[in-house]
Amino acid sequence: MARPGTAAEPLRVAIVGAGPTGYYAAEALFKNEHGVVVEVDVYDRLPTPYGLVRAGVAPDHQKIKAVTAAFDKVAANPRFRFFGGVEFGKDLTLGDLRAHYHQVLYCTGAQTDRRMGIPGEDLQGSHPATEFVAWYNGHPDYRDYGFDLSQERAAVVGVGNVAIDVARILCRTPEELATTDIAEHALEALRKSRVKEVYLLGRRGPAQAAFTNPEIKEIGELADADVIVRPEEVELDPLSRAALDKSQDRATRKKVEILQGYALRKPAGKSRRLIVRFLVSPVELTGDAAGRVVAMRLVRNELYATATGALQPRATTLFEALPVGLVFRSVGYRGVPLPGVPFNESWGVILNEKGRVLDPDTKQPIVGEYTAGWIKRGPSGVIGTNKPDAAETVACMLEDLAQGAVLQPAHPAAAVAEALVRQRTPNCLSYADWLRLNALEVSRGRAQGRPRVKFTRVEEMLAALGR
Amino acid sequence: MDIAGILATKGEKAHTIRPEQTIREALALLARHNVGALIVVEGGERPVGILSERDIVREATHNETLFGRTVADIMTRDVITGAPHDDLLTVAHTMIEKRIRHLPVVDKDRLVGIVSIGDILKAQRDQYQGELDTLQTQFLADDRAR
């Protein structure tokens with residue numbers, strides 16, 4: 001049998017997940033240097049593409065969302081098709097994909113949050129930060145979630161960029177939010193918010209915090225919230241000081257300087273306060289009789305150096321109580337196993353080597369199955385980090401193709417795959433559908449001086465498209 | 001980024017050998033798996049040493065009969081080990097400073113993988129490339145907005 005990859009018989013690839021990695025992988029496949037002709041079908045559970053760029057990146061960070069222009073260029077390739085609203089494992093099974101494609105690539109990201117593992121974590125009013133993020137970004141699955149914004153004090157556990165996004169959105173004024181593409185329902189709820197104090201809690205010191213400098217600068221420039229930092233918590237301990245002197249890491253040095261600058265500020269009496277704390281970990285959430293969170297017990301940490309010199313937190317015996325009525329945990333993310341796809345429980349990723357999915361018993365690659373992005377390496381890096389990651393997997397895919405190690409689908413014709421998808425999910429969206437929906441969202445926004453007003457229910461999207 | 005992110009895409013945990021095995025067997029394993037070091041484990045998963053190409057070369061310069069010797073005879077015993085949540089930058093510094101090319105990664109006394117200096121450099125390169133790409137995209141967005 002002739003090897004696929006020619007104009008007459010293109011290499012047919014199914015990509016599961018239309019987030020940044022899916023696009024980067026499609027781009028790398030199209031741009032391959034071996035002259036292999038590739039057709040890509042990208043599937044997403046949601047009708048809309050872009051993954052976390054749409055549903056994760058904060059609405060007041062439109063510049064970061066602008067990366068979608070590059071994604072649309074990839075999608076303009078005539079050999080790119082998008083099927084939105086098609087769920088892998090439900091609407092289409094692995095068996096279906098194996099019968100229609102030479103290669104299958106999983107780019108489903110890290111869809112769940114890590115738990116803190118402390119008592120009281122599931123009290124009412126304690127939420128994963130990802131749910132709040134998905135809610136304010138108009139993710140249809142979270143449209144009807146509610147958060148008790150009548151509380152005056154909230155804590156965000158974690159000091160990564162997601163934690164800081166959540167804290168910042170809670171501290172923005174309705175006027176600031178009204179110029180973003182935050183979901184309408186979230187904007188309405190946040191207009192009525194009575195949150196006055198937002199705590200951002202880091203278990204290590206300022207030099208180890210994961211948030212990046214633009215984000216930390218931004219919270220010092222909020223219209224109606226003072227940023228508060230305790231001087232003693234941003235004073236570097238000897239271990240951090242030594243590590244920083246050795247590494248000469250300018251970004252970290254700058255980060256510490258900005259935070260120390262905040263510690264010197266006098267509060268300007270703004271209506272909200274964003275309080276950044278370091279070297280503390282929640283050990284318990286306490287609730288009232290109704291099962292609502294009312295406070296958090298914190299333990300003070302100290303740092304110690306591991307054998308490699310990395311600094312990790314260790315609990316001391318000093319405790320404090322922090323009264324809060326709303327808690328968001330943002331202590332890391334984890335991949336969700338896909339039906340029929342080997343999973344590596346240790347790292348919360350698909351079992352893989354450089355993106356080749358491995359058989360759990362033989363530890364040998366499974367022909368035709370690959371992975372890229374967060375579900376391959378775990379949640380790390382910025383959006384662009386997924387580009388070299390996807391390129392590594394695509395290099396493996398092309399190498400295997402050259403060896404003839406691809407699936408032999410019974411129905412390799414693009415039309416047959418499409419017919420199956422449309423039969424299973426008659427309401428699925430094409431890229432043309434998405435571009436129409438996008439134009440509608442943007443025009444709804446224009447009237448209000450906003451980048452867009454999102455459709456946040458699947459039925460709404462379908463209705464807008466005349467379905 | 002921490003070194004767990006490197007282990008996540010390495011499939012096999014780590015290639016290991018027992019202390020009583022011979023250098024001949026070690027060489028066969030190094031060649032078969034195309035790696036530069038083996039972790040020496042005792043009683044299942046507890047690492048007791050590391051055997052690198054360099055250990056073998058060093059021994060070979062003065063010992064013609066090394067093939068039959070045991071791994072325990074020439075392995076390096078004082079091994080610095082990493083933990084999954086050690087950060088990339090610190091680990092890179094330590095490995096360069098102490099001239100370590102292979103770092104066994106241990107979690108709760110259990111060997112969970114190995115990272116090489118090559119793995120670390122690649123992860124750092126990808127991280128910088130990704131940041132650069134994201135920054136470029138944002139600058140381009142600024143241009144369009146103007």
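The exercises below, each with a worked solution, concern a predicted model.

**Exercise 1. The contact between the chains**

Find how many residues of chain A and of chain B are in contact, and how much area the two chains bury between them.

Solution. 
- Step 1: Count the residues on each side. Chain A brings 33 residues into contact with 37 residues of chain B.
- Step 2: Take the area. The two chains bury about 2,700 Å² between them, and carbon and sulfur atoms account for 59% of it.
- Step 3: Look at the chain A side. The residues of chain A that lose the most area to chain B are Lys63(A), Thr308(A) and Trp347(A), which together make up 25% of what that side buries.

**Exercise 2. A residue of chain B and what it touches**

State where Thr134(B) is found, whether this residue is buried or exposed, and which residues it touches, leaving out those up to four places away in sequence.

Solution. 
- Step 1: Locate the residue. Helix H6 of chain B holds Thr134(B).
- Step 2: Compare its accessibility with the cut-off. Buried means under 20% relative accessible area; Thr134(B) has 14%, so this residue is buried.
- Step 3: List the contacts. With residues up to four places away in sequence not counted, Thr134(B) touches Val382(A), Ile383(A) and Gly384(A).

**Exercise 3. The second largest pocket**

Describe the second largest pocket by its space, the residues closest to its centre and the elements that line it.

Solution. 
- Step 1: Give the volume. The second largest pocket holds about 1,000 Å³ of space.
- Step 2: Turn to the lining. It has 38 residues, and those closest to the centre of the pocket are Glu353(A), Lys354(A), Thr9(B), Lys10(B) and Asp119(B).
- Step 3: Assign elements. Two or more lining residues come from each of strand S19 (356-358), helix H14 (374-377) and helix H15 (386-402) in chain A, and from each of helix H1 (4-7), helix H2 (23-33), strand S5 (110-116) and helix H6 (117-145) in chain B.
- Step 4: Find the main contributor. H6(B) gives the largest share of this lining, five residues.
- Step 5: Sort by type. The lining of the second largest pocket has 16 charged residues, eleven polar and eleven nonpolar.

**Exercise 4. The largest cavity**

State how many cavities of 30 Å³ or more the structure holds, and describe the largest cavity.

Solution. 
- Step 1: Count. There are four cavities of 30 Å³ or more.
- Step 2: Give the volume. The largest cavity has about 60 Å³ of space.
- Step 3: Name the lining. Among the residues that line the largest cavity are Leu46(A), Pro49(A), Arg54(A), Asn137(A) and His139(A).
- Step 4: Sort by type. One residue of this lining is charged, five are polar and four are nonpolar.

**Exercise 5. Cysteines**

State how many disulfides the structure holds, and why Cys428(A) has no such bond.

Solution. 
- Step 1: Find the closest partner. The cysteine sulfur closest to that of Cys428(A) belongs to Cys107(A) and is 19 Å away, so it is too far for a bond.
- Step 2: Check the surroundings. Cys428(A) is buried at 1% relative accessibility, and Cys171(A) is buried at 0%.

Note on methods: Residues are numbered from 1 along each chain as its sequence is written. Chains are lettered from A and ligands numbered from 1 in the order in which they are written. This is a predicted model: local features need pLDDT of at least 70, side-chain atom pairs count only at pLDDT 80 or more; totals for chains, interfaces and linings use all residues. Side-chain values use heavy atoms; hydrogens and water are left out. A disulfide is a pair of cysteine sulfur atoms within 2.5 Å. Buried means under 20% relative accessible area, exposed over 50%, partly exposed in between (1.4 Å probe, protein chains only). On a 1 Å grid over the protein atoms alone, a cavity is a set of points where a 1.4 Å probe fits but cannot get out, and a pocket is an open set with protein on both sides within 12 Å along at least five of seven lines; lining residues have an atom within 4 Å of a point. Grid points are joined across faces, edges and corners, and a volume is the space filled by probe spheres set on the points. Ala, Val, Leu, Ile, Met, Phe, Trp, Tyr, Cys and Pro count as nonpolar, Asp, Glu, Lys and Arg as charged, and the others, Gly among them, as polar. Contact means heavy atoms within 4.5 Å. Buried area is the accessible area (1.4 Å probe) that two parts lose on being put together, summed over both.
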